[in-house]
Amino acid sequence: MFVVGLGTAAPPKRYLQRESWDAVQNFPQLLDLTSRSRAIIRKVLCGDNGVTSRHLSLDSIGEIFEITPDALQARFTKHAPVLAAEAAQRAMKDADCQPDEIDAVLISTCTGYLCPGLTSYVSERLGLRPNVFALDLVGQGCGAALPNLRNAEAILTAGRAKKVLSVCVEICSAAFFLDDDPGVLISACLFGDGAGAAVLANEPKPGQRRVEWKFGSSCLAPDQREALRFSHKNGMLRNILLPQVPQIAGEEAAKLFVQSLAEAGVKRASIAGWILHTGGRDVLLALRDKLDLTESDVRHSAAVLREFGNISSPTVYFVLERALHDTVPDGLWWMCAFGAGFSCHGALLEVG
């Protein structure tokens, strides 16, 4: 399977972290929190945590306090199809692919729910064929891109399609929650909105950098499920984020990496590039430590985090796009994403 087109999209409104604090600190909803909670929010928004800005599906930062089931559902319903379609259109343009060439479309999300699913709305926006195979994937959190891509690989390998459109979209601002739990507050200060897409085929596209999917693997650690997941409260999604998540992410990613290299018969020295999801600065530091990486190795992940915050499942599309347009050398690249479950997913890409 080859990646023949890539596209990303984010809401046009960009909010600097410090400006967000200045704008919201006197809102009544913030004043309802304890002084300790307000201090946590200020520290995350104003401190050096690896995030400078986020793109959010809001007309003004004050909308962040419109936290009711109806308001959040309306935000997801309005913005998720738009962002997903925008990223998909860019990926199709990059692939020189027309809508009627897409045989299957797979869309992953965890920040909202629609029935019919996002594939219905996005297929309509893109003008895909009525008989396109459409699959909605939900509940895989930040790690969803790689299971999505593995499904695409299975469809292509089975000969059921010639071109598959893979999309991940998250409207994290439609899943914000405020209470005095530190994990909830940190989540609200770190996550942003975005979408990423890839066009996949069994043949590479001539004239562009060749990206071939060589190997994929996953590992579940259900004993760590309570550290990172969504719960429901008052009819809304509420993010569970425990302090040990960076350590868990680093350990599980390192374990999967070693196992995957052994299964694929690849030596660590052969890895020329790193396409890593990052949940935040501390997660990225844990990945560097456990995978023995340099600052240069993770520069694209750090850049995406800095500009967009944690955009959940689309993150690796953003990182891959940047790396392909930079000086990362050809060879084997390791892609890794992780999230709720606790789940960890990896893939070897051969770039040339």
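This is a predicted model: local features need pLDDT of at least 70, side-chain atom pairs count only at pLDDT 80 or more; totals for chains, interfaces and linings use all residues.
The buried residues of α11 are Thr315, Val316, Tyr317, Phe318, Val319, Leu320, Ala323 and Leu324. Phe318 has a relative accessible area of 4%, and because buried means under 20%, this residue falls in that class.

## Aromatic pairs

A pair of aromatic rings is described by the distance of the centres and the angle of the planes. In this model the count comes to 5 aromatic pairs. For Phe308 and Phe318, the ring centres are 5.0 Å apart and the planes stand at 65 degrees; since planes over 60 degrees apart count as edge-to-face, the pair is assigned to that class. The pair links distant parts of the chain, with Phe308 in helix α10 (residues 299-308) and Phe318 in helix α11, 10 residues apart. Phe308 is buried, at a relative accessible area of 7%, and Phe318 is buried at 4%.

Ring pairs also join Phe257, Trp274 and Trp334 into a cluster. Of these, Phe257 is listed among the buried residues of helix α8.

## Helix α8

Helix α8 comprises the 20 residues 245-264, and at 1.5 Å a residue it should span 28 Å, a figure that agrees with the 28 Å separating its end C-alpha atoms.

The buried residues of α8 are Val245, Pro246, Ile248, Ala249, Gly250, Glu252, Ala253, Ala254, Leu256, Phe257, Ser260 and Leu261. Just after the helix, Gly265 takes a positive phi of about 70 degrees.

## The hairpin of β9 and β10

Strand β9 (residues 228-233) and strand β10 (residues 236-241) pair in the antiparallel sense, with 6 bridges between them. Within this pairing, Ser231 stands opposite Arg238 of β10. The hairpin has 2 residues between the strands, and Asn234 takes a positive phi near 55 degrees there. As for burial, 5 of the 6 residues of β10 are buried, so this strand is largely enclosed by the rest of the structure.

The loop between β8 (211-220) and β9 holds Pro222, which counts as partly exposed because its relative accessibility of 46% lies between the cut-offs of 20% and 50%. Pro222 and Ser343 are 121 residues apart in sequence, while their C-alpha atoms are 7.9 Å apart in space.

## Packing of α4 and α5

Helix α4 (residues 69-94) packs with helix α5 (residues 118-126) at an angle of about 50 degrees, and the two axes are 9 Å apart. That angle makes α4 oblique to α5, and α4 passes α5 in a right-handed crossing.

Met92 belongs to helix α4 and is buried, with a relative accessible area of 4%. Between Met92 and Gly117 there are 25 residues of separation in sequence and 21 Å in space, taken from C-alpha to C-alpha.

## Backbone exceptions in the loops

Most residues other than glycine have a negative phi, and most peptide bonds are trans. Against that background, two peptide bonds deserve attention. The bond from Cys115 to Pro116 is cis, with omega near 5 degrees, and Pro116 is placed in the loop between β4 (104-109) and α5. A cis peptide bond also joins Gly341 and Phe342, where omega is about -10 degrees; Phe342 is placed in the loop between β12 (331-339) and β13 (343-351).

Definitions and conventions. Residues are numbered from 1 along each chain as its sequence is written. Side-chain values use heavy atoms; hydrogens and water are left out. Buried means under 20% relative accessible area, exposed over 50%, partly exposed in between (1.4 Å probe, protein chains only). Helices (H or I, at least four residues) and strands (E, at least two) are DSSP runs, numbered from the N terminus. The expected span of a helix is 1.5 Å times one less than its number of residues. Rings of Phe, Tyr and Trp (its six-membered ring) pair if their centres lie within 6.5 Å; planes under 30 degrees apart count as stacked, over 60 as edge-to-face and the rest as tilted. Two strands pair if DSSP finds at least two bridges between them. Axes are lines fitted to C-alpha atoms, for helices over the stretch in contact, and angles run from 0 to 180 degrees between N-to-C directions. Angles under 35 degrees count as roughly parallel, over 145 as roughly antiparallel, 65 to 115 as roughly perpendicular and the rest as oblique. A crossing is left-handed if the near helix is turned anticlockwise from the far one by less than a right angle, and right-handed if clockwise.
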